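Subject: Model handover

Hello,

Here is the model for you to look over. My notes come after it.

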Amino acid sequence: MSDMKAFFMATAAAVALAGCSTVPMEAEAPPASSAMSEEDVRVADLLSRMTLERKVAQLIQPQINSFTPEDMRRYRFGSYLNGGNGGPYGDEFAPASEWLRYADEMYLASVEPHENGEPVIPTIWGTDAVHGHTNVVQATIFPHNIGLGATRDADLLRRIGHATAVEIEVTGIDWNFSPTVAVARDDRWGRTYESYSEDPTIVAPLGAALVEGLQGAKGDPNRLGAGHVIATAKHFFGDGGTDQGVDQGEVNGDIEELKALHAYPYPATIEAGVETIMASFNSVNGRKMHGNEPLLTDFLRGELGFDGLVVGDWNGHGQVKGCTNTDCPQSLLAGLDIYMVPDDWKGLLETLVAQVEDGTIPMARLDEAVGRVLRMKMRAGLLDEFVKPSDRPNAGDYSLIGSAEHRAIAREAVAKSQVILTNNGVLPLKQGANVLVAGSAADDIAQAAGGWTLTWQGGGDLTNDNFPGATSIWGGLEDAVTASGGTATLSEDGSYETKPDVAIVVFGEEPYAEFAGDRKHLGFTDTEGLELLRQFKADGVPTVAVFLSGRPMWMNRELNLADAFVAAWLPGGEGAGVADVLTGAMPATGKLGFSWPATCDFGPLNGPDGALFAVGYGRSLSETSALPALDENCAPLEQGAAKDWYVSGRLADGVLANTATGKLDNLRGEAGGIFSIGLDRNAQEDARAISFGPGAFLELAQAGGDTGYGYRVVYEVQTRPSAAVYLKVGASEPLDITQQLSVAEGKGYREMILTDACMADLGPSLTVTSQGPFKINIGSVVREEFAEGTDCSF
C-alpha cells in the first residue's frame, strides 16, 4: 500500500467513523433503535455531522468539462459525469489509462480530510455506457438496444451487462446510466434504438437482466463488488411515448393507461435491485417529470416501492415550469435526489443552500435526498474502506478493454439480433461464391455503431482507425467468404470487372443521438442503397440488402428489389456477427421487437394493423417464400408543390410587420420590441436571428398569396420563451406553442410543420406573439402542399 493511500484511508476512515468534537452539529444523531437498520443508523450518524453546504454538494452532479479537481476539493460534489463529448483532460479520445488517472485525481480530491473534521464522503463518477463502455477507445461495442430486443435473450443481456461493468471498472468509473427501458411507441423518435421494443413485456425482462449483469443479482454476496457497477433504469417515465416522437416532448393520455404501458418495465428493474432511476425529460399530461411529485414520489416510491436514488437528466430540472438551470427547488421537493447540472453547478449549489436556509426546502427533505446518496455509496462498499479507483478490482487491467471474451459476446449478440425480412434462397451464401460487397456503410464501423459511440452523435469524422480491435461488416464478410473457399471484393459504388455470384449491399441511416435523430416520417430518404439494388437488378446479379438503422423504416422499394433483406439494426463493432448469419455459420433467430411499416405515412405504428411485418416476425434461413409486390408510393418522399415565401433571408412578395407603425423589411432592423439581424446559416445572411421583447408580435404576410397550402418553417430556438408564445395562421385561433419552443431550445435547427390538422385557416399570413423575451433564428419559411392527414409538428 502506498503512503498516500494509507494516509487517506486511515485519516478519512477515522474522521468518518469515529466522529470529531469540532464538527458543526446541525442535529443530534438519533439513538439506535430496533426500528432502524444498521444502514439507517450509519446514514443518520453521517447526516448529523455534515454541514449544510456539504449536504447540498452531494446532490450536485457536474460534468468533467466544467469543473476541476480543485473545485472537487473545495465543494466535494457527491458525483460527477462525463457528457457524450466529454473526456478526461479535455480529450474525448483519451486512452483508458487517462480515464483511470482522472478518476484517481477526482477521488483523492474528494476524500481529503476536512479542516473542521466533518465526515469525508467519496465522490463517484457516472457515465453513459449504453452499448458497452463506448466512450473509451478500444472498448467492446455491443449492438444498441433495438438489436438486443430482437434477440429475446435475457441471459445474453446479463453477460453483456457484466462485460460492460468490467470494462467500466478498468477505467475507475463507478456508475452506469443504463439500461434504457423506454417503450418506444413512435419510431420517429430519435432514441427509438435505445428501446428494446414497442412491447413492454419484451422490454421488462431484458432491462432487468441488464441490471443484474451490471450490478450482480440480488442475494449474490458479490453484488456491487468486483465485476459490477451501479446501474440506472431510465427514463422514468414515458420517454418513448411523446406526441409525434418528439424527444423531450409531451406525453398525454389517461394516467393509468400510461402507467400500464410506459411504467411497466420498472417493477422488473426494481425487483432486480436497480440502485438508481433517472427522471425523464418529457412531461406527462402537461407536467414535466423532473417536477412531478405525484409520479416521482407517490407512484415510484409509494406504489412501486422503489427505495433507491432518483437522478436527474442533463439540466432536465431547468425545463420545469418556473425553474432555471440554477434555480429549481421544485425538483427536489418533487422527489429528485441528484441534479445533473453539467455547467451551472455553482449557481445551483448556492441557490439550494439559500433555499434550505430560508425554509423553501425543508431540512428533512434535504436529509432524505442526501441519505439516499449515502445509501447508494454504502451499498456499493464505497464508505466501508476508502480505496482509490486505481486500486480497485480490474482497474488498470487494460487487456480487459475490448477483450476477446467480450468481443465474442458482442459477436454472438450481433448474430442473434439479425432479422431476415425476406429471402428467396440467396441466403445462406453458397460456399466458394464470388461475393461483391457494396455500399459506403460496408466498411464503416462508426455507422454500424451509431450514436453514443466515442462521441455523443457518433459518426462524423470517425474512421475505422478510431476502433482498434473492432471488425467492420466488410471485414467479417471477407474473412468468412474466403474461409469457405470463395472470393470477396469491396466495391462501394458497386462497380466490378467480373460479374459476381451475389452482391451484398450495406446501407442505412447515418449516426445520430437523442433529438438529432427525430424524424417527421419513416420514409428513408438516402437513395444510395436503392440505386445500388437497381443497378444489380439490371445486371442480373442476385442481391442481399443489409440495412443499418435505429428503427424500422418504410423500405418497400428496396424490399421489392432485393433477393434477401436483413434488418441489421446498429450492430456495433463486431461485424463478423452479420457474416455469421449470412453464411449460415449461425442460425437466423432474430425477431422484430417493433412493427415494420407497410405504408409511408406520418403516424405511429404499434401492433399488426398497418404493419408489413408484425412484432415477432423474423425468418429462418430455410424460409424462402417470396413476398408479394409492395406498394412503392410514398408521399413524404414526393414533395408537393412548394411556394417559396422566405428564401435566402428575403421575403418573396411580402413584408414583415410588427406594429401598426413599424415594419421590418426582409426581417431586418428593430420595431416594436422585435430586433432582427442577418445570420449566416448555409450561406451569407441566409437566415435571421430574431429577439422578442415582452408583448412583441411578428407577422409574415404574403401579398396575394395562395390559400390552402401548409407551412414548413426551419427554425432554431436560442433562448426558450420566458412567457407564453402564440402562433396564428390566417384567421385561425392562436395556438400556444410555448412548450414546443421550450423543448426545442439548444437543439439546433428543426422543422415546424403547420397544416389544417391544427390550423382552421391556412391563409397567407403567419403571426408569432410573445408575452415575454425569447430568441429564435429563422432559416426559411416555405408554403407547401402536404399529403392529406399530415399532422402539425414542431
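This is a predicted model: local features need pLDDT of at least 70, side-chain atom pairs count only at pLDDT 80 or more; totals for chains, interfaces and linings use all residues.

Numbering runs from 1 along each chain as its sequence is written, and side-chain values use heavy atoms, with hydrogens and water left out.

Disulfides. The whole structure holds three (cysteine sulfur pairs within 2.5 Å). In sequence order of the bonded cysteines, the pairing is 1-2, 3-4, 5-6.

- Cys 323 bonds to Cys 328, S to S 2.2 Å. The S-S torsion is about 65°, so this disulfide is right-handed. Cys 323 and Cys 328 are buried (under 20% relative accessible area; exposed is over 50%, partly exposed in between; 1.4 Å probe, protein chains only).
- Cys 600 bonds to Cys 634, S to S 2.1 Å. Both Cys 600 and Cys 634 are buried.
- Cys 758 bonds to Cys 792, S to S 2.0 Å. This link is left-handed, with -90° about the S-S bond. Cys 758 is partly exposed at 26% relative accessibility; Cys 792 is buried at 8%.

Cores. The largest nonpolar core has 111 residues (buried Ala, Val, Leu, Ile, Met, Phe, Trp, Tyr and Cys joined through side-chain atoms within 4.5 Å). Ile 60, Trp 175, Phe 236 and Ile 277 have the most contacts inside it (contact means heavy atoms within 4.5 Å). Another core, of 39 residues, lies apart from it and includes Ala 184 and Leu 530.

Best wishes
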